[in-house]
Structures are given as C-alpha cells and as structure tokens.
Amino acid sequence: MHPETLKVSGEQLPYFRTSDFSEKMKEIECLIKKMTYAVEEDKVILLTTSGTGAMEATVINCFGTDDKLLVISGGSFGKRFCDICDVHGFDYDTISLEFGKALTSEELAKYSGRGYSGLLVNLDETSTGQLYDLEMLSAFCRSNDMLLVVDAISAFLADEIDFSKNNIDALIVSSQKALSLSPGLSIIELSKRMCERVNRSDPKSFYMDLKMYLRDMERGQTPFTPAVGIILELLDRLRMIEASGGVEHEIGLTRFRAEYFRSKIAGLPITLPEYRLSNAVTPIIFNNHNAYDIFEKLRKDYDLTVTPSGGELRDKVLRVSHIGNLKTEDYDALIDAFKKELKN
Ligand SMILES: *Cc1c(COP(=O)(O)O)cnc(C)c1O
C-alpha cells in the first residue's frame with residue numbers, strides 16, 4: 001500500500017448521508033469513468049464486497065435464467081464465474097484452457113453463431129497471469145450480438161482497458177489489487193444498454209439488487225452503509241493518479257516493474273509461460289524446485305512475500321506481483337534470493 005493511503009486509513013470516518021460525501025462519490029464516478037474511457041451515459045456503482053461479490057452481483061443483475069452465457073475459464077477466476085452460474089442455475093458453456101494454453105481466435109471462432117447472450121471473462125486471469133486479447137473478445141461479442149462482461153480486477157491500472165472502444169458492458173474492479181487499498185470495496189461500471197437490463201432485472205438477492213445502487217448513485221449515495229473508509233482511500237488514490245500523469249502513466253509504472261523483473265530472470269532455472277502476460281503479475285514455473293517450498297523459504301528467511309498457486313500448480317508455479325507500491329529494489333532483493341536458493 002502507498003503511504004498516502006495508510007494516512008487516509010488512519011483518519012476518523014465521517015457520517016456519510018451528507019452532500020459533502022455525495023460529492024466525493026460523484027468525483028469517484030467521474031475519475032473512474034475518465035480512467036476507463038467511459039462516456040456520459042455509462043454508470044458507476046460502488047459495492048461493499050470483495051471482488052467475488054461484485055462478480056456475482058454483475059452476473060445475477062445483468063443476466064437471467066433465460067440467457068445463455070459463454071465463460072472463458074483459464075484458471076481459478078474463470079472457474080469462479082462458472083461456480084456463480086451453477087449456484088444460480090444459469091445456462092452457460094465454458095471455454096476451458098489448460099495451464100500454459102493461450103486463448104486463440106481459432107478456438108474462439110468455434111463458439112460463433114451459437115446464440116449466446118453474453119461473454120464472461122477475467123481480462124487478466126490472475127491465477128495464471130494470462131492477459132486475454134480484449135480486442136479479439138470485443139470483436140467476437142460485436143459480431144455475435146453478445147454483451148461483454150469484463151472482470152478487470154487485476155487488470156485495472158496494469159493493462160490497457162478502453163470501456164468505449166472495446167464495447168464493454170460491465171467492468172468489474174476491486175479495491176485491493178492495483179489500487180492497493182484496503183480490501184472490501186468493489187466498483188462496477190455499466191454501459192447504457194447494460195443499465196437498461198439491470199433496471200429491468202429481478203435478481204434473487206436483496207442486498208445485491210443493483211437497481212437500487214444505480215438509483216442512489218444518481219445523487220452520490222448507496223442504499224446501505226458503504227465501506228466509507230475505503231471510499232475515502234479510493235478518492236485519495238484516484239486523485240493522486242490523476243495528478244501524477246493519469247491512468248496511462250500508472251499503467252506505464254506497472255509495465256516498467258513487470259519488464260524490469262522479467263529482464264532479470266535470465267539464467268535462473270525458472271521459465272515463463274508462452275501466452276500473453278498481464279503487467280500485473282509474472283507467473284514463474286520452477287523446473288527443478290518445489291514452488292511452494294520456495295514460497296515458504298522466501299517468507300521465512302528473506303521477508304519476501306510472493307504469491308503461491310493453488311491446486312495442481314501448487315508445487316510448480318509462484319506469482320510475482322507488479323502492482324502496488326513496489327520498487328526496483330524489491331525485485332533486486334527477490335532476484336538475489338532466487339540466485340541463492342536456486343543454485344542447484
Ligand atoms: C483478486 C481477483 C478477484 C477477486 O477475488 P476476491 O478475493 O473476492 O476479492 C476476482 N477476479 C480476479 C481476476 C482477481 O484477480
């Protein structure tokens with residue numbers, strides 16, 4: 001987290017049913033729209049939940065049991081969209097990708113003309129670091145008259161996202177990734193046609209009925225007590241990004257860290273996957289060592305925390321983050337530790 005955010009999070013929280021707080025909410029909406037290249041009619045909702053809650057809210061408000069969805073499942077976050085559809089009895093097909101496989105236009109083309117109403121995708125499938133081709137997915141949705149739902153939770157501020165140019169209908173962002181705020185707040189941005197759908201929908205949820213959020217956000221409010229503290233962290237962070245060169249500059253910083261780290265690993269007994277990588281994270285595949293043991297060693301002996309993998313990748317893959325307040329020195333320290341630990 002950035003020191004400025006920690007300062008904001010240490011302050012007293014205000015009462016929030018005030019015009020002062022409403023103005024802050026409207027400023028957040030304005031800055032999020034600017035940073036995602038959204039237009040006037042697009043709407044922003046703030047939801048007090050982790051990213052998964054926002055994924056579920058989006059699915060159940062934007063679609064119903066009479067829709068047929070296509071889910072790209074290339075890792076644990078794609079699988080999560082499938083799990084959400086299962087819980088709610090939604091009809092869907094899955095494009096499943098094994099670890100290491102890129103999503104190709106040939107594969108995608110097989111699903112053309114099959115009557116889907118929407119596509120669900122995690123732009124950066126954070127569990128593998130695969131960055132899907134947004135232009136390709138957007139063109140696919142346009143030619144098949146499908147709504148495009150993009151979970152950009154780890155891609156926002158790491159990879160380029162153009163809400164308008166890419167015809168995105170719902171974009172999901174969460175507080176704890178590149179925004180590097182406290183966890184617990186999510187952002188959903190909706191296109192005009194998706195707002196119309198949401199306003200007609202009848203989701204089987206009281207708390208997550210997004211109609212209420214759209215209505216209340218007109219005056220900068222939320223139906224229920226929001227995570228006031230994280231909202232104040234968010235406004236401060238968005239203002240900071242705006243003041244230091246905007247979203248492109250911020251993405252540039254993330255890209256710089258990713259490229260810096262990736263340029264230093266040559267000669268180490270680790271490899272990178274061959275698919276297109278997000279700037280948010282580098283997945284590293286261990287050839288001769290147990291990835292999980294290395295994760296524990298780094299934490300215990302070097303005070304360095306990288307991200308282990310779950311499931312079948314547990315012993316093979318670790319992920320190195322490029323989001324948050326990280327410096328080149330952090331990567332230097334990590335590379336030094338790898339050099340010592342991966343000698344044989
Ligand atoms: C982190 C992340 C989520 C959110 O998970 P939560 O733990 O519910 O916040 C969802 N999708 C992607 C792609 C993520 O990286």
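Reader: What makes the radius of gyration of the chain agree with that of a compact globule?

Author: The radius of gyration is taken over C-alpha atoms, and the globule rule is 2.2 Å times the number of residues to the power 0.38. For 344 residues that puts a compact globule near 20 Å, and the chain has 20 Å, so the two agree. Along its principal axes, the C-alpha trace spans about 60 × 55 × 35 Å. Before we go on: this is a predicted model, where local features need pLDDT of at least 70 and side-chain atom pairs count only at pLDDT 80 or more, while totals for chains, interfaces and linings use all residues. Residues are numbered from 1 along each chain as its sequence is written, and side-chain values use heavy atoms, with hydrogens and water left out.

Reader: How many helices and strands are in the chain?

Author: There are 12 helices and 13 strands. Both are DSSP runs numbered from the N terminus: helices are H or I with at least four residues, strands are E with at least two.

Reader: Why is Thr58 called buried?

Author: Buried means under 20% relative accessible area, exposed means over 50%, and partly exposed is in between (1.4 Å probe, protein chains only). Thr58 has 1%, so it is buried. Thr58 is found in helix H3, and its side chain reaches the backbone oxygen of Ala54 at 2.7 Å.

Reader: And Ser112, why does that one count as partly exposed?

Author: Its relative accessibility is 35%, so Ser112 falls in the middle class. You'll find Ser112 in the loop between helix H5 (105–109) and strand E4 (118–122).

Reader: What about Ile168, buried or exposed?

Author: Ile168 is at 2% relative accessibility, so it counts as buried. Ile168 is found in the loop between strand E7 (147–151) and strand E8 (170–174). From Ile168 to Cys141 is 27 residues in sequence and 9.4 Å in space, C-alpha to C-alpha. Across the chain, buried residues make up 56% of the 344 residues.

Reader: How many disulfides does a search of the whole structure find?

Author: The search finds 0. A disulfide is a covalent bond between the sulfur atoms of two cysteines, and here the cut-off is a pair of cysteine sulfur atoms within 2.5 Å.

Reader: What keeps Cys30 and Cys141 from counting?

Author: Distance! The closest cysteine sulfur to that of Cys30 is in Cys195, 16 Å away, so it is too far for a bond. For Cys141 the closest is in Cys62, at 13 Å, which is also too far for a bond. Cys30 counts as exposed because its relative accessibility is 52%, whereas Cys141, at 3%, counts as buried.

Reader: Which residues are closest to the ligand?

Author: The ligand is surrounded by 13 residues, and the closest are Ser50, Thr52, Thr126, Asp151 and Lys177. A residue is near a molecule if one of its heavy atoms lies within 4 Å of it. Helix H3 (51–62) and helix H4 (76–87) each supply at least two residues of this shell, and H3 gives the most, with 3 residues.

How values were computed. Polar contact = N/O pair within 3.5 Å; in protein donor to acceptor, adjacent residues only side chain to side chain.
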